[in-house]
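User: I am new to this structure. Please walk me through it, one feature at a time.

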Amino acid sequence: MTDTGSEDQNNVRLQKVLARLGFGSRRACEEMIDRGRVKVNGEVAVLGRRVDPTRDLVEVDRVPVSIEPDLVYYLVNKPAKMLVSAYDPENRPLLLGILPKSPRVFSVGRLDYDTEGLIVFTNDGILANALTHPSHGVEKEYLVQTFRNPSNLALRQLREGVEIEPGVTTAPAKVGRLDACLIKMVICEGRNRQVRRMFDEVGYPVARLARTRIGPITDTSLAPGAWRPLSAEEVRLLSYASYNSPKRARLGF
Ligand code: URA
């Protein structure tokens, strides 16, 4: 469909917004709209629909997508001995210090001071909320190095769930041995110091911990202390992962 009408930042053709977000060419986005896959403010959108990215709520295949302009998404490879928080009374180095100052971003979840690996910073509250909300359960993959080689029984306990505090048992995890003292673990929860506490509980404290994947996002070429913007496609995949996680499927929404 050709639309020659005037357009300003608050009145943009829906297919243009979707194409900018990585949903495909404008033509492909028109088709998505035509097939009824796109809703604006809860109603199925029709071709020709214009949106105000600062106000309208857009969903594709029932997944909310952030359409505000000026959203940024950074993938950071955190080295050990840097803090994810915005301020530290002890003056330790902050990960925020290596990122652009503007626009202001916040981390999606946390990694401990001693933990390495991938973490996302953004100013997109919708995506951050979807990724961290306990009901969504996006997979996080960790490489865990231990001081002693965990027994098969310990690995089975980690897989089945471990009581890390009274009344709190972790959900089933995927756990595999890569080498002596080197375990790959995938969990969908994000409790405070969860991996370390799980390994403590089964008797094999963690020597080194790195997050290697968040949902579909991984990057082995990103050096420790480096960051890069996520591509539009990666952002789209991340929000899909947060809305189509096994946990949400189990809960039936
Ligand atoms: N689990 C932990 O124990 N620490 C982290 O930083 C992340 C997951």
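User: By class, how many nonpolar, polar and charged residues does the shell around the ligand have?

Analyst: A word on the source: this is a predicted model. By class, the shell has four nonpolar, two polar and three charged residues.

User: Which residues surround the ligand?

Analyst: Read the shell as a list of neighbours. Leu 111, Asp 112 and Thr 115 are in it, along with Tyr 142. Arg 193, Gln 194, Val 195, Arg 196 and Leu 209 complete the list.

User: Which helix gives the largest share of the shell around the ligand?

Analyst: Helix α5, residues 194-201, gives the largest share, with three residues.

User: Where does the ligand sit?

Analyst: The ligand sits in the largest pocket.

User: Now the strands. How do strands of a sheet pair?

Analyst: They pair through backbone hydrogen bonds, either parallel or antiparallel. Take a case here. Strand β10 (residues 140-146) pairs with strand β14 (residues 182-187) in the antiparallel sense, over six bridges.

User: How many bridges join strand β13 to β14?

Analyst: Five bridges join them, and the two run antiparallel. Strand β13 covers residues 174-179. Val 175 stands opposite Met 185 in β14. Gly 176 stands opposite Lys 184 in β14.

User: What do β13 and β14 form?

Analyst: They form a hairpin, with two residues between the strands. Look at Cys 181 in the turn: its phi is positive, about 65°.

User: In which sense do strand β9 and strand β15 pair, parallel or antiparallel?

Analyst: Parallel, over two bridges. Strand β9 covers residues 116-122 and strand β15 covers residues 206-214. Gly 117 has Arg 211 in β15 as its bridge partner. Compare the pairing of β10 with β15: these run antiparallel, joined by seven bridges. There, Leu 143 has Ala 210 in β15 as its bridge partner.

User: What order do the strands have in the open sheet of four strands?

Analyst: The order is β3-β2-β5-β6, with antiparallel pairing. β3 (43-44) and β6 (63-65) stand at the edges, each with a single partner strand, so one side of each has no neighbour in the sheet. Further in, strand β2 (residues 38-40) and strand β5 (residues 58-60) pair antiparallel over three bridges. Val 38 stands opposite Val 60 in β5.

User: Let us turn to the backbone angles. Is the peptide bond from Ser 102 to Pro 103 cis or trans?

Analyst: That bond is cis; omega is near -5°. Find Pro 103 in the loop between β7 (73-78) and β8 (106-107).

User: What is phi of Asp 61, and where is this residue?

Analyst: Phi of Asp 61 is near 50°, a positive value in a residue other than glycine. Asp 61 has its place in the loop between β5 and β6.

Methods. Residues are numbered from 1 along each chain as its sequence is written. This is a predicted model: local features need pLDDT of at least 70, side-chain atom pairs count only at pLDDT 80 or more; totals for chains, interfaces and linings use all residues. Side-chain values use heavy atoms; hydrogens and water are left out. A residue is near a molecule or strand if one of its heavy atoms lies within 4 Å of it. On a 1 Å grid over the protein atoms alone, a cavity is a set of points where a 1.4 Å probe fits but cannot get out, and a pocket is an open set with protein on both sides within 12 Å along at least five of seven lines; lining residues have an atom within 4 Å of a point. A molecule sits in a cavity or pocket if more than half of its atoms lie within 2 Å of its grid points. Ala, Val, Leu, Ile, Met, Phe, Trp, Tyr, Cys and Pro count as nonpolar, Asp, Glu, Lys and Arg as charged, and the others, Gly among them, as polar. Two strands pair if DSSP finds at least two bridges between them.
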